[in-house]
Amino acid sequence: MPEKSLFEQLIDELKKIPGIGPKSAQRIAFYLIKQPQENVEHLANTILKVKKQTKYCSICYNLTEKDPCEICSNPDREQSIICVVADPKDVWAIEKTSHFEGVYHVLGGLISPLDGVFPEDLRIKELIERVEKGNIEEVMLATDSTPEGEATALYIARLLIPLKVKVTRLAHGLPAGTELDFADEITLIHAIDGRQELKINF
Ligand code: ZN
């Protein structure tokens, strides 16, 4: 098979990006070729820089350029309320509502044995350690309302409730099966306001 041209290779790379199909990949590739050299260099450098300088916050595991992140190091944020989410994109979704004043804990995914994701693959141990250190009044479980999101919330609740911390779950304003970052802002605000304490009989 003849080696692909650089242009085809670029399209192949672009197609790997979530949400970019073959048509969009082509369109972006043609757009880039038409741009002045310095614009493309600026874009390429920005991608390299963001990749090199973005790391995980050592407290909440959100993506950040400085450690601890802006949220963990902000004295105006309520450090005693932790909102637990699956991914950094969920932090974005909640931050966009400007309706949550606490801090976050990013798990790095959801429990999903079929996909080979087990509790020990997520940052659950780190969450428990944060709560055990004290000064945490509430842990708000804001995982998706999908089966994986519900299972993960329940798993974490069982570990946290014996630690005498208030554990809440987003209200059912979120339709079953909703991924957090696809919920609209109003729905998300209602889900946060209407969150309910989880009580589990052991
Ligand atoms: Zn942080």
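The model is predicted, so please read every value below as computed from it. Four cysteines hold the zinc ion, and strand β5 pairs with both β3 and β6. Elsewhere, the search for aromatic pairs returns 2 across the whole structure.

**Zinc site**

- The zinc ion is coordinated through the SG atoms of Cys-57, Cys-60, Cys-69 and Cys-72, at 2.3 Å.
- Along the chain, these donors follow the spacing C-x2-C-x8-C-x2-C.
- Cys-57 lies in the loop between β1 (55–56) and β2 (63–64), while Cys-72 lies in the loop between β2 and β3; the two are 15 residues apart and link distant parts of the chain.
- The site is tetrahedral, with angles of 106 to 116° among the 4 donor atoms.
- For reference, the ideal angle for four tetrahedral donors is 109.5 degrees.
- Cys-57 has a relative accessible area of 0% and is buried.
- Cys-72 also counts as buried, because its relative accessibility of 10% falls under the 20% cut-off.

- Strand β5 covers residues 138–141, and both of its faces are covered.
- On one side Glu-138 and Met-140 are buried, and on the other Val-139 and Leu-141 are buried.
- β5 pairs with strand β3 (residues 78–85) in the parallel sense, over 4 bridges.
- Within that pairing, Ile-81 has Glu-138 of β5 as its bridge partner.
- Strand β6 (residues 166–169) also runs parallel to β5, joined to it by 4 bridges.
- Glu-138 turns up again here, with Lys-166 as its bridge partner in β6.
- To get from β5 to β6, the chain passes through helix α6 (residues 147–160), and this β-α-β crossover is right-handed.

**Rings and a charge**

- One of the 2 aromatic pairs brings together Phe-7 and Phe-30, whose ring centres are 4.9 Å apart.
- Their planes meet at 55°, so the pair counts as tilted.
- Phe-7 belongs to helix α1 (residues 6–15) and Phe-30 to helix α2 (residues 22–34), so to speak two distant parts of the chain, 23 residues apart.
- In a separate contact, the charged end of Arg-123 sits over the ring of Tyr-56, 5.0 Å from the ring centre.

**Backbone details to look at**

- Most peptide bonds are trans, and most residues other than glycine have a negative phi.
- Asp-67 and Pro-68 are joined by a cis peptide bond, with omega at about -10°.
- Pro-68 sits in the loop between β2 and β3.
- Tyr-61, which is not a glycine, has a positive phi near 65°.
- The location of Tyr-61 is the loop between β1 and β2, and this residue is buried, with a relative accessible area of 18%.
- Ser-98 likewise has a positive phi, of about 50°, without being a glycine.
- Ser-98 is in the loop between α4 (88–96) and β4 (102–106), and its 65% relative accessibility makes it exposed.

Definitions and conventions
Residues numbered from 1 in each chain as written. Predicted model: local features only at pLDDT ≥ 70, side-chain atom pairs only at ≥ 80, totals over all residues. Heavy atoms only, no water. Buried < 20%, exposed > 50% of the residue type's maximum accessible area, 1.4 Å probe, protein only. Pairing = 2+ DSSP bridges. Right-handed = clockwise from strand over helix to strand, strands pointing away. Donors = N, O, S within 2.8 Å, 3.2 Å for Na, K, Ca; no water. Tetrahedral: all angles 85-135°; square planar, octahedral: opposite > 155°, others 65-115°. Phe/Tyr/Trp six-rings, centres within 6.5 Å; stacked < 30°, edge-to-face > 60°. Lys NZ or Arg CZ within 6 Å of the ring centre and 35° of its normal.
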